[in-house]
Amino acid sequence: MSDDSIRVEMWSTSWCGPCKNIKKELAGWKAGDPPPVGGGIVRKHLEGIIPEVVVRDAEESMSEASALGIRSVPHWELYRNGSRVGSGFSSAAEVARALST
């Protein structure tokens, strides 16, 4: 991560229904597909602010998720200038509000 970057991570699991929907939307965003009808919950808040959202699997990275204090999913983390500056967001809207401050 470069010193002047913003990174947003969305932690998920394979069994989380909302996570599956978010991951599907993020895959379309990354592929350059048009937003879903209604704009999509993630793109509506974050498109144009950040280039992408990195999806992390809490089941595959249990020790890291535990060290970060992740206890529920979806769980959003915000990094700015290489440092974790926000944690525990439950939605893209909360991440967008944090980015605007």
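I began with helix α1 in this predicted model, and found that α1 has 15 residues and reaches 22 Å from its first C-alpha to its last, which is close to the 21 Å expected at 1.5 Å a residue.

Next I looked up which residues of α1 are buried, and listed C19, I22, E25, L26, G28 and W29. An α-helix has 3.6 residues a turn, so residues three or four places apart point the same way. I then checked what these buried residues pack against, and recorded β1, α2, β2 (54-57) and β3 as their partners.

E25 made me stop, since this residue of helix α1 (residues 17-31) is buried yet has no salt bridge.

Last, I turned to the nonpolar cores. The largest has 16 residues, and those with the most contacts inside it are V42, L46, V53 and W76. At least two residues of this core come from each of β1 (6-12), α1, α2 (41-46), β3 (75-80) and α4 (92-99), and α4 gives the most, with four residues. Apart from this core I noted another, of six residues, among them W11, A58, L68 and I70.

How values were computed
Residues numbered from 1 in each chain as written. Predicted model: local features only at pLDDT ≥ 70, side-chain atom pairs only at ≥ 80, totals over all residues. Heavy atoms only, no water. Buried < 20%, exposed > 50% of the residue type's maximum accessible area, 1.4 Å probe, protein only. Lys, Arg positive; Asp, Glu negative; His and termini not counted. Salt bridge = Lys/Arg side-chain N within 4 Å of Asp/Glu carboxyl O. Core = buried A, V, L, I, M, F, W, Y, C linked by side-chain atoms within 4.5 Å. Expected span 1.5 Å × (residues − 1). Contact = heavy atoms within 4.5 Å.
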